[in-house]
Amino acid sequence: MKSRIIAGALALLGAAGIALAQPALAAAAPKQRIDLRVLVLDDGTTGIDTLRAQLDREGVPYDTIALGTDGRPAITPAYLADTVSGVRRARFQGVILPNEGAVAGAEATALADFEREFKIRQIDAYTWANPNVGQSTAWSGVLDGATMHVTAAGKAGGFGYLAGPVAVDDRDPAVLESYGYLGTPAPAAGATFTPLVTATPPGGGTSGSLMGVYAHDGREELAITLAANRYQTHAMELGHGLITWLTRGIHLGYARNWFSVHVDDVFLPDDRWDTVHNCTVGDDCNPQRQPAVQPYNTTIRMTKDDVNALVAWQKSRGVKLDMVFNGGGSVEAGAGDPLTAAFVKNKGQFRWINHTYEHPYLGCVQDFAVTPWRCATDAPGRTRWVSQADISAQIKQNVDWARGKGLTLDASELVTGEHSGLKSLPQMPNDNPNLAPALNANGVRYVASDASREQTARAVGNATTVPRFPLNIYYNVGSVAEEVDEYNWLYTRKADGGSGICENNSASTCIRPLGADGFARYIVPMESRIAYDHVVSGNPAPHYAHQSNLAEDRVLYPVLDAVLARYRATYTSATPVINPKFAESALQNRRQAAWSAASRSVEAYLLGGKVTINNRATGSLDVPLTMPNGSKFVTASVFGVEVTGAAFGDAYGGERSAWRSIGKGGQQLLRVS
C-alpha cells in the first residue's frame with residue numbers, strides 16, 4: 001500500500017509539470033562535497049595580485065597562504081580536505097599558484113593528490129612556456145599591442161562572454177608593459193595541452209598560446225604565460241573567464257559590467273574657459289586684470305536642438321544618460337525658455353536626479369578674499385557653515401519645481417553642487433555638520449561623492465555616498481578647441497606653455513602640447529580608455545560630465561561612443577553593458593560591502609549536483625551566486641525525491657547569476673544543470 005501511495009504521489013507531481021530529479025539506477029560514484037572557496041598561494045607577485053583583484057571584484061571567497069613567511073599554514077592533506085558526515089570534503093574548489101613550481105616536496109605531493117581526488121583545477125598565475133606545463137616556447141618578448149584571440153575551447157571553457165579579439169595594453173609606446181611567451185603544445189606522453197587564448201607577436205609571425213590547459217596525471221592546470229597587472233585592460237577583460245574556468249562556472253560571486261553617465265547642471269549655464277588667459281570666465285578669472293576676450297558669450301547652455309540630439313543619441317545607442325538638474329536655471333531663463341520646453345516635451349526619455357535648485361556651495365561659507373579660498377570664521381574663530389535650513393530649501397525647492405513640471409524623479413537621490421557639503425581637502429577636512437540633518441529631513445538616502453577624492457561609500461546621516469568618476473571633458477568647455485586648450489594647460493610643462501601642474505603632481509603625467517587634431521587623436525582615446533576600464537572592472541560607480549558638454553560641439557559624445565563601440569566589439573550581445581540608475585549603483589555598492597564583510601559567515605558547497613548555501617551570519621544577507629545555464633531552484637523534497645522549480649538567476653555572459661537574500665539561519669538549495 002505504501003509503495004502505491006508514493007507512486008501515486010510521484011505521478012501527480014509529474015502530471016503537474018514539476019521536474020523531478022530521479023534516483024540513479026546504476027551504482028553512483030562515492031559522493032564528494034566541494035566547498036565554494038578558492039585557495040590562493042600568494043608570493044606577492046603581480047600575477048597573483050591580478051587574480052586576487054578579480055576574485056575581489058566578483059566577490060568570490062578565497063583563503064590565502066603567504067608563501068615565504070614564517071608560521072604560515074603547512075599545505076597538508078588535512079589542510080586541503082577532510083570528512084564531514086561520512087562524506088569526503090574538499091575545502092577548496094580551485095587553487096591559484098604563482099607558477100607550477102611554487103611549492104615542492106610533501107606540499108606539492110599533497111596538492112597534487114588533492115587535485116586528483118576531487119578534480120580540483122589549478123591556475124599558474126605567470127610562468128613560461130616550458131615542458132612542465134606541457135609547452136615549448138615558440139616566441140618570447142614584449143607583447144604590447146598584440147592581438148589575442150579566444151579559441152573555440154576557450155569559449156566553451158569560460159571565455160564565451162567575449163565576442164572579438166582582445167588587445168594587449170600598449171598605453172605608452174615608450175614603456176615596455178607586457179612580456180609574454182607564446183607556447184606550442186608539447187605535452188608529455190598521455191597528457192594533453194589545449195590553448196584557450198592565443199596571440200601573434202606585434203610584428204606578425206608565429207601564433208602561440210598565452211593561456212592554455214595542461215591535462216596530466218589526472219589533473220588540469222591552466223598556465224598563463226603573459227605578464228599582467230590588475231590595472232591592465234586585457235587582464236580585466238580576461239579575468240572573469242579565468243574564474244569561470246577555475247570554478248567550472250559554479251561559485252559564490254557576481255559579475256556585471258556597468259556604465260552610467262550623469263549630466264550635471266541641466267537648465268543652468270556653465271562658465272566658459274578663456275583660452276587667452278587660461279582661466280574660467282565667471283569663476284577664477286579676475287575680471288579687472290583679465291577681461292574676457294572671447295568673441296561669443298561667456299557661458300555655455302544647451303539649446304532645444306541639443307535636447308533633440310540627445311534623445312536621438314540615446315535611442316540609437318540603447319543607453320540613457322541621467323539629467324542632474326537645477327530648476328533655478330529654468331526659472332532664471334524665463335517662462336518661455338526653449339530649453340525647458342524641449343526637456344519637458346521629452347521628459348519621459350530621461351532619468352532625472354536632484355542637483356539642488358540653484359547649485360550653491362553647501363559646505364562652509366567661502367571666503368574669497370584670499371587665493372585659494374578658505375572657510376570663513378566667526379569672531380571666536382569657528383568655521384561658519386551653510387545652515388541646515390538653507391540646505392533643506394535647496395533640496396526641497398528643486399523637487400517641488402520638478403514635480404510641477406511633471407518630471408519623474410526619486411527624491412531619495414541627490415547630487416549637491418560640486419559635491420559640496422561633503423569633506424573636501426584642503427579647506428574642508430570634515431563634512432558640513434548641517435548636511436546630514438538636512439538629508440535626513442528630506443528623505444535623501446543616496447548622495448553623490450567624487451570618486452577622485454573618496455572611492456568608498458560611507459554613511460552621511462541616513463544617506464550613503466555614491467562615488468562618481470569625473471570625465472576629463474571639462475565643465476567649462478563647449479567646443480573642441482576649448483577642450484584641447486584647457487587640456488594642454490593642465491597637462492603640459494611651463495616650458496611648453498602649460499601651467500606646470502603636471503610637473504609638481506605625482507599623480508599627473510606631462511604630455512607634449514596637443515595640436516588641432518589632439519581631441520580626436522589623444523583626448524578621446526585616453527578618456528574613453530579610462531572610462532572603459534571602469535566599466536570592465538565591474539565597478540558600478542557612475543561617471544559624470546556637464547550639460548555644457550552636450551552643447552555647441554557636443555564634445556561628450558565621441559568619448560561615450562568610443563566606450564560603447566569598444567565594449568560591443570569585445571563582448572557578446574549576451575553580455576550587455578548594464579546602465580544602472582543612481583539608486584541601483586548604490587544598492588550594488590551596499591551589497592558588495594556587506595558581502596565582503598560577512599562572506600565567511602556563509603557555508604556553501606556542491607554535493608551530488610546540488611549547491612547548498614547556509615547563512616550563519618547574525619542577520620539576513622544578500623549572497624551573490626553564479627551558476628551554469630539550466631540551473632534551477634530546489635523547491636521541495638517529496639518522499640525523498642527532489643522537486644525543482646524556476647530557473648535560477650538572470651542570464652548574463654552565458655551564465656545565470658543573481659544576488660539572493662537569505663535570512664538568518666536560512667538556506668538556499670539549487671540544482672546544477
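Colleague: What makes the radius of gyration of this chain agree with that of a compact globule?

Modeller: The radius is taken over C-alpha atoms, and the globule rule is 2.2 Å times the number of residues to the power 0.38. For 673 residues the rule gives a value near 26 Å, and the chain has 29 Å, which agrees. The C-alpha atoms fill a box of roughly 90 × 65 × 55 Å along the principal axes. This is a predicted model, in which local features need pLDDT of at least 70, side-chain atom pairs count only at pLDDT 80 or more, and totals for chains, interfaces and linings use all residues. Residues are numbered from 1 along each chain as its sequence is written, and side-chain values use heavy atoms, with hydrogens and water left out.

Colleague: Why is A451 called buried?

Modeller: Buried means under 20% relative accessible area, exposed over 50%, and partly exposed in between (1.4 Å probe, protein chains only). A451 has 4%, so the residue is buried. Of the 673 residues of the chain, 51% count as buried.

Colleague: Where is A451 found?

Modeller: A451 sits in the loop between strand 26 (446-450) and strand 27 (459-460). Strands (E, at least two residues) and helices (H or I, at least four) are DSSP runs, numbered from the N terminus. The chain has 15 helices and 37 strands.

Colleague: Which residues is A451 in contact with, leaving aside neighbours within four places in sequence?

Modeller: Contact means heavy atoms within 4.5 Å. On that basis A451 touches P467, R468 and F469.
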